[in-house]
Amino acid sequence: MNSNVHYYNQKKYCPHCREYKRYLQSIDASYCVACGSKVRLFSSADKKAFLAGLQSDKEASKKGTKRVS
Ligand SMILES: [Zn+2]
């Protein structure tokens, strides 16, 4: 049973509660334990920041791999 405990330490963003909540994981979706709504990995603001971070990583690696021989 203890192997499942770590799931409850993680939180996902619930658009209904408008905050990060603990969630129940099912096969193709996660649900807020407080209200039962589907939760997301990130809030929309955090998702933008995450995608922006990915983009800048891509650009950085492009520059890094672009070598003039
Ligand atoms: Zn909720």
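Helices (H or I, at least four residues) and strands (E, at least two) are DSSP runs, numbered from the N terminus. The protein contains 1 helix and 4 strands. Along the sequence, these elements follow the pattern β-β-β-β-α. The model is a predicted one: local features need pLDDT of at least 70, side-chain atom pairs count only at pLDDT 80 or more, and totals for chains, interfaces and linings use all residues. Residue numbers start from 1 along each chain as its sequence is written.

Burial was considered next. A residue is buried if 20 or more other C-beta atoms lie within 10 Å of its own, exposed if 12 or fewer, and partly exposed in between, with C-beta atoms placed from the backbone. Of the 69 residues of the protein, 9% count as buried. A nonpolar core is a set of buried Ala, Val, Leu, Ile, Met, Phe, Trp, Tyr and Cys residues joined through C-beta atoms within 7 Å. The largest such core has 5 residues, namely Y13, C14, Y23, C32 and V39. In soluble globular proteins, nonpolar side chains tend to be buried together.

Contacts were then examined. Two residues are in contact if their C-beta atoms, placed from the backbone, lie within 7 Å. Among contacts between residues at least 6 apart in sequence, 18% join residues at least 24 apart. The core residue Y13 touches Y20, V39, R40, F42 and S43, leaving out residues up to four places away in sequence.

Strand β4 spans residues 30-32 and includes S30. S30 counts as buried because it has 20 C-beta neighbours inside 10 Å. Beyond its neighbours within four places in sequence, S30 is in contact with K12, Y23, L24, Q25, K38 and V39. The C-alpha atoms of S30 and R40 are separated by 7.5 Å, and the two residues are 10 residues apart along the chain.

Y31 is also placed in strand β4. Y31 has 17 C-beta neighbours inside 10 Å, so it counts as partly exposed. Not counting residues up to four places away in sequence, Y31 touches Y23, L24, S26, G36, S37, K38 and V39. Y31 and K21 are 10 residues apart in sequence, and their C-alpha atoms are 9.3 Å apart in space.

R18 is found in the loop between β1 (12-14) and β2 (19-21). R18 has a positive phi of about 60 degrees, although it is not a glycine. Most residues other than glycine have a negative phi. R18 is exposed because 9 other C-beta atoms lie within 10 Å.
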